[in-house]
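The following paragraphs lead the reader through the place where two chains meet. The sequence and structure come first.

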Protein chains: 2
Amino acid sequence: MTYRAEVFVTLKPVVNDPAGLTIKGGLHALGFDSVTDVRSGKYLVVTLDAADEGEARARVEAMTGQLLANAVIEDYRIELRSEVSSVQGGGS
Amino acid sequence: MTYRAEVFVTLKPVVNDPAGLTIKGGLHALGFDSVTDVRSGKYLVVTLDAADEGEARARVEAMTGQLLANAVIEDYRIELRSEVSSVQGGGS
């Protein structure tokens, strides 16, 4: 069975985020003054084969701990779904 | 009212993703052979003030089109919620 895992990696709230601050400055310069905060992170979509959802989740948790996220400064969240048809929402 | 918008920016499927390929190679080197694909993207959390949800969504759409995503090579998806309590799921 093929699974599609979305991994969201964000800096912990106490960690400085220079990229987010730069984006916030850019948005203010464009006139979006109502923006009070921007935090930047990584969004990874991992496609993998596994026997069941439990195995898939365990594997993605292991990958995230070992490679995808740095647990010292980053938090992460994993969302898993079985891949029947790969429908990806796209911006226009 | 304060809103929290999550913006997911991904490369269009037809665009090469060297970062994703590198991560896939790293996962294979660590023994995660069941991984068939990795796509990397950006995950931005924008906090903003707006009168209502429609205004907030329109602003975030405008920001994304002007600065956050490059429509030529990237797709995006926006998820909006009103910020009552900032609960952010974190990995352990």
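Strand 2 (residues 35–49) of chain A pairs with strand 2 of chain B in the antiparallel sense, over 13 bridges. Strands here are DSSP runs of E with at least two residues, helices are runs of H or I with at least four, both numbered from the N terminus, and two strands pair if DSSP finds at least two bridges between them. Within this pairing, Leu44(A) has Ser40(B) as its bridge partner.

The model is predicted: local features need pLDDT of at least 70 and side-chain atom pairs pLDDT 80 or more, whereas totals for chains, interfaces and linings use all residues. Residues are numbered from 1 along each chain as written, chains are lettered from A and ligands numbered from 1 in the order written, and side-chain values use heavy atoms, without hydrogens and water.

The contact (heavy atoms within 4.5 Å) draws 39 residues from chain B and 39 residues from chain A. About 3400 Å² is buried between the two chains, 60% of it from carbon and sulfur atoms; buried area is the accessible area (1.4 Å probe) lost when two parts are put together, summed over both. Of the area that chain B buries against chain A, Phe32(B), Ser34(B) and Tyr43(B) supply 16%, more than any other three residues.

Two salt bridges cross the interface, each defined as a side-chain nitrogen of Lys or Arg within 4 Å of a carboxyl oxygen of Asp or Glu. One of the salt bridges joins Arg77(A) to Glu6(B), with 3.8 Å between the closest N and O atoms.
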